[in-house]
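This short report is meant for a reader who is meeting the structure for the first time. It begins with one residue and then widens to its surroundings and to the overall fold.

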Amino acid sequence: MLHLGFVSAILADYDLNGVLKFASEHSFRCVELMCWPADNADARRYAGVTHLNVDKLNVEQVHALTRQYGISISGLGYYPNPLDPDPEKAEFYREHIRKIIRAAARLGIPVVNTFIGRNPSLSIAENLKLVAQHWPTIVKEAEENNVRIGIENCPMWFTDDEWPGGKNLATTPAIWDRLFELIPSRALGLNYDPSHLVWQMMDEIRPIYDYRDRLHHIHLKDVKVYRDKLNRVGIMANPLEYHSPKLPGLGDVRWRDFFAALTDVRYRGPVCIEVEDKAYEGSPEDVQNAILTARNYLSQFLVL
């Protein structure tokens, strides 16, 4: 029913063979592979990782490796800001998303995961105009290639340069509704991460029921909200001043209710661990232990 995997960004020092081998050796069924441009790495944490170079795609080699290790590719991931205020950067990001869509079609991979983007200095209404201007052609390309797009719901507001609005518009159900009104294609949906609703003080379970037909991919990440810090700095502070990403089971996401909801709506597909817990970054062994600790906790809800 649910295929447990992980997001490959955390294994930045591995090549594709190493990522798939690790997944196979530790009872995973799938991996979301990072597809950042090899010559345009992003400096922020967990970005700039290239486990699949779509500019030098060898379809036969990728298929041979997935067969060898018995691991499927849940989706291809690339998370830039396609609505960047710099028009040249924005167009570069959008074109690379198109390349990944075409690569996914050649590989038979059903989903490309990314951000919708945002100009942080503009209002929601102004950013929706940018979406209407730039995203329909991307979604059309996905439709033509029989590929779905999963938009992750992370606000991308964690550093001062992302202030005041963050770099990803698709943060709340109210905004998702506007996006799906602008672009009604079923090819456009969510790569749903419950942790981002928790630190925004929202219900992380309800969207599973309300957007059951738009769940193209699932990220499994937890978050800890430090109420003492929140009481001091308030909700208008930089979000990292009062919360921290954690491994599943070590934060505030209600995982039993989360998986109950997924089964209620008959979700079938990938659920991929996304590791961004700084407590597990001291060594390569810590990174591996983070993935496996998360796997062990989640195994109570699904069959490995």
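## A buried phenylalanine and its partner

In this predicted model, phenylalanine 301 has a relative accessibility of 19%, and because buried means under 20%, phenylalanine 301 counts as buried. The ring of phenylalanine 301 pairs with that of tyrosine 297, the two centres being 6.0 Å apart and the planes standing at 70 degrees, so the pair is edge-to-face. Tyrosine 297, at 29% relative accessibility, counts as partly exposed.

## The aromatic cluster

Both residues belong to a cluster linked by ring pairs, which also includes Trp176, Phe180, Tyr192, Tyr211, Trp255, Phe258 and Phe259. Across the whole structure, a search finds 16 aromatic pairs. One of them joins phenylalanine 258 and phenylalanine 259, whose ring centres are 5.5 Å apart with planes at 80 degrees, so this pair is edge-to-face. Phenylalanine 258, at 0% relative accessibility, counts as buried, and phenylalanine 259, at 4%, counts as buried too.

Charged residues also lie over aromatic faces: arginine 214 is placed over phenylalanine 180, at 4.0 Å from the ring centre, while lysine 229 is placed over tyrosine 226, at 4.7 Å from the ring centre.

## The barrel

Eight strands close into a barrel with parallel pairing, in the order E1-E2-E3-E4-E5-E6-E7-E10, and the twist from one strand to the next averages 30 degrees.

Definitions and conventions. Residues are numbered from 1 along each chain as its sequence is written. This is a predicted model: local features need pLDDT of at least 70, side-chain atom pairs count only at pLDDT 80 or more; totals for chains, interfaces and linings use all residues. Side-chain values use heavy atoms; hydrogens and water are left out. Two strands pair if DSSP finds at least two bridges between them. Helices (H or I, at least four residues) and strands (E, at least two) are DSSP runs, numbered from the N terminus. Axes are lines fitted to C-alpha atoms, for helices over the stretch in contact, and angles run from 0 to 180 degrees between N-to-C directions. Rings of Phe, Tyr and Trp (its six-membered ring) pair if their centres lie within 6.5 Å; planes under 30 degrees apart count as stacked, over 60 as edge-to-face and the rest as tilted. Buried means under 20% relative accessible area, exposed over 50%, partly exposed in between (1.4 Å probe, protein chains only). A charge sits over a ring if NZ of Lys or CZ of Arg is within 6 Å of the ring centre and within 35 degrees of the ring normal.
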